[in-house]
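I opened a notebook page for this structure and kept the entries in the order in which I looked things up.

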Amino acid sequence: GESVGLHLPTLSVQEGDNSIINCAYSNSASDYFIWYKQESGKGPQFIIDIRSNMDKRQGQRVTVLLNKTVKHLSLQIAATQPGDSAVYFCAETHQGAQKLVFGQGTRLTINP
Amino acid sequence: NAGVTQTPKFQVLKTGQSMTLQCAQDMNHNSMYWYRQDPGMGLRLIYYSASEGTTDKGEVPNGYNVSRLNKREFSLRLESAAPSQTSVYFCAGMTTLSYEQYFGPGTRLTVT
């Protein structure tokens, strides 16, 4: 069946450093991937997405990399700030599917 | 434009009591979803509605029922609450044009 997992449940980084959050998926039919950020007490919010015909996509301070060969997805956050503290989820789906499959989540904490 | 709204924000039930969680969206979403999130855990899909008039089970449907009242509203009902249903419940909506799901703020439910 479909599954999406994250390698690390927690990640601590120094303020100003770059953060890398990883995600593995197992469904080779997946062709669309999304990263969500969930701040404490709030619902998840969309950060960035990528389709399977791309290897890399950049947003504001965030970059998502997709390696279809090893079914691996990563989210890179540049110059991590205190406001980046949150739980980050990857999600995957495929064309025609009616739902997303979410990974477990990684909690990112920022050290001053 | 309120996005996705959920009521109530907080609820405490006794074992065996029933209640309905309400969700409404004004984003013209075709699909709507109910998730639960236990402390320190990821999102688990309870039920979803791919379009008005249809509902389907997700990963953890037992103990819940849903109603897609119209395109805007999707309710989740607990007929006989159990302590294992203590969780935060999120509703989300999604258009068929993209797979980005928009989440509501959540309902924090405690069953004693």
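**Entry: conventions**

I noted that this is a predicted model, in which local features need pLDDT of at least 70 and side-chain atom pairs count only at pLDDT 80 or more, while totals for chains, interfaces and linings use all residues. Residues are numbered from 1 along each chain as its sequence is written, chains are lettered from A and ligands numbered from 1 in the order in which they are written, and side-chain values use heavy atoms, with hydrogens and water left out.

**Entry: the interface**

I then looked up the contacts, meaning heavy atoms within 4.5 Å, and found that 18 residues of chain B are in contact with 21 residues of chain A. The buried area, which is the accessible area (1.4 Å probe) that two parts lose on being put together, summed over both, is about 1600 Å² between chain B and chain A, and carbon and sulfur atoms give 59% of this. On the chain B side, the most area is lost to chain A by Leu43(B), Tyr99(B) and Glu100(B), which together account for 38% of what that side buries.

As to which elements of chain B take part, β4 (31-37), β5 (43-49), β9 (87-94) and β10 (101-103) each supply at least two residues of the side that touches chain A; here strands (E, at least two residues) and helices (H or I, at least four) are DSSP runs, numbered from the N terminus. The largest share of that side, 4 residues, comes from β4(B). By class, I recorded 12 nonpolar residues, 5 polar and 1 charged on the side of chain B that touches chain A, with Ala, Val, Leu, Ile, Met, Phe, Trp, Tyr, Cys and Pro counted as nonpolar, Asp, Glu, Lys and Arg as charged, and the others, Gly among them, as polar.

**Entry: the two chains**

Chain A has 0 helices and 11 strands. Its radius of gyration, taken over C-alpha atoms, is 13 Å, close to the 13 Å that the globule rule (2.2 Å times the number of residues to the power 0.38) gives for 112 residues, so chain A is as compact as a globular protein of that length. The C-alpha trace of chain A spans about 45 × 30 × 20 Å along its principal axes, and buried residues (under 20% relative accessible area, with exposed over 50% and partly exposed in between, 1.4 Å probe, protein chains only) make up 44% of its 112 residues.

For chain B I likewise read 0 helices and 11 strands. The C-alpha trace of chain B spans about 40 × 25 × 25 Å along its principal axes, and buried residues make up 49% of its 112 residues. Of the contacts in chain B with a separation of 6 or more, 55% are accounted for by residues 24 or more positions apart.

**Entry: Asp38(B)**

I found Asp38(B) in the loop between β4 and β5 of chain B, and with a relative accessible area of 18% Asp38(B) is buried. Leaving out residues up to four places away in sequence, Asp38(B) touches Arg44(B), Thr86(B) and Ser87(B). The side chain of Asp38(B) makes a polar contact of 2.7 Å with that of Arg44(B), and a polar contact of 2.7 Å also joins the side chains of Asp38(B) and Ser87(B).

Is Arg61(A) buried or partly exposed? Arg61(A), in the loop between β6 (56-58) and β7 (62-67) of chain A, is partly exposed at a relative accessible area of 29%. Its side chain reaches the backbone oxygen of Ala79(A) at 3.3 Å, and Arg61(A) and Thr80(A), 19 residues apart in sequence, are 8.6 Å apart in space, C-alpha to C-alpha.

Ser74(A), by my next note, lies in strand β8 (residues 72-77) of chain A and counts as buried at 6% relative accessibility. Beyond four places in sequence, the residues that Ser74(A) touches include Trp35(A), Thr63(A) and Leu65(A).

Notes: A polar contact is a pair of N or O atoms within 3.5 Å; within protein, one must be able to donate a hydrogen and the other to accept it, and residues adjacent in sequence count only if both atoms are side-chain atoms.
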